[in-house]
Each structure stands twice: as C-alpha cells, then as structure tokens.
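Please look at the sequence and the model before reading on.

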Amino acid sequence: MLLSLLPIHAVVNGNQIFHLKHDQPVTITVEENHPKVVITDGYHFTQPVELVYHHLNTYYFKVICVIGDVQLLAGGLLLSVLYLVGFFTGVFLLKLISFSPILWFLFLYYINRKDFIQITPV
C-alpha cells in the first residue's frame, strides 16, 4: 500500500527511466548484456542489480517496501489503542508510548534509506 503512494521508477544503465505503476507489470527490453537496474522513488535507491543473460533471457522481479501492509496496519492499530487507553485512563506514559510506531516508521523511511525499497525475484 505504501508503494502505491510513492512514484516508483526503474532506471536501466543510468539513462533509461521507466515508470512503475502499482500492481501492473512493466516490460523493459534491453539490447546489451549485463544491464544494471536500479529502483527509485527519488529519495530512496536500491542497490544496482546486474542482469546476466547466459541461461535466461527474461527476468521477473517484484518491488517491495520494507514496511509491509500488515506492519503498517498493526502500527496504526497499536498507536490508536495505546493512545485511546492513555487518553481515557489519563496515563501520560501510554500516550507517549503510543507514538513509537510512528518513530519506527520514520526511522525506516529516513535513516534506513538504502533498505526501504527492495527488488526481489518472483
């Protein structure tokens, strides 16, 4: 879900840019051997993946985010429950702890930049 909000692009050999749409396959035709593919949203970059065409001439990849849909939903639910319990009981520490999922997501987004977007084989 988070990747559908970000403009994701595939950069091939540093000069060809392809826009990737959420849950839609994109065919990228490459003429030379050993192309390097990088996935980016403008702020995050994956490590370059070099493709070698010895046995296979077609590669299938999936672009994933380190913050999955279930983790995002669980973080929002944890934040809501802890804050509401802290609000109704008046315990300030619960309200303060309720923001820990946001701090974790911000850590993954800003500090752990090189692992935020990943390329996985299908």
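Q: In the hairpin of strand 1 and strand 2, which residue takes a positive phi?
A: Asn 13 takes a positive phi near 55° in this hairpin, where three residues lie between the strands. The model is predicted, so local features need pLDDT of at least 70 and side-chain atom pairs count only at pLDDT 80 or more, while totals for chains, interfaces and linings use all residues. Residues are numbered from 1 along each chain as its sequence is written, and side-chain values use heavy atoms, with hydrogens and water left out.

Q: What makes strand 1 and strand 2 a pair?
A: Two strands pair if DSSP finds at least two bridges between them, a strand being a DSSP run of E with at least two residues, numbered from the N terminus. Strand 1 (residues 8–12) and strand 2 (residues 16–20) have five bridges in the antiparallel sense, and therefore count as paired; Val 11 has Ile 17 as its bridge partner in strand 2.

Q: How do you know that strand 3 and strand 4 pair?
A: Two bridges join these antiparallel strands, and the definition asks for at least two, so they are a pair. Lys 36 stands opposite Glu 50 in strand 4.

Q: Why is one side of strand 2 and of strand 4 left without a neighbour in the sheet?
A: The open sheet has four strands in the order 2-1-3-4, with antiparallel pairing. Strand 2 and strand 4 (49–50) stand at its edges, and because each has a single partner strand, one side of each is left without a neighbour.

Q: Why is strand 1 called mostly covered?
A: Buried means under 20% relative accessible area (exposed is over 50%, partly exposed in between; 1.4 Å probe, protein chains only), and four of the five residues of strand 1 are buried, so the strand is called mostly covered.
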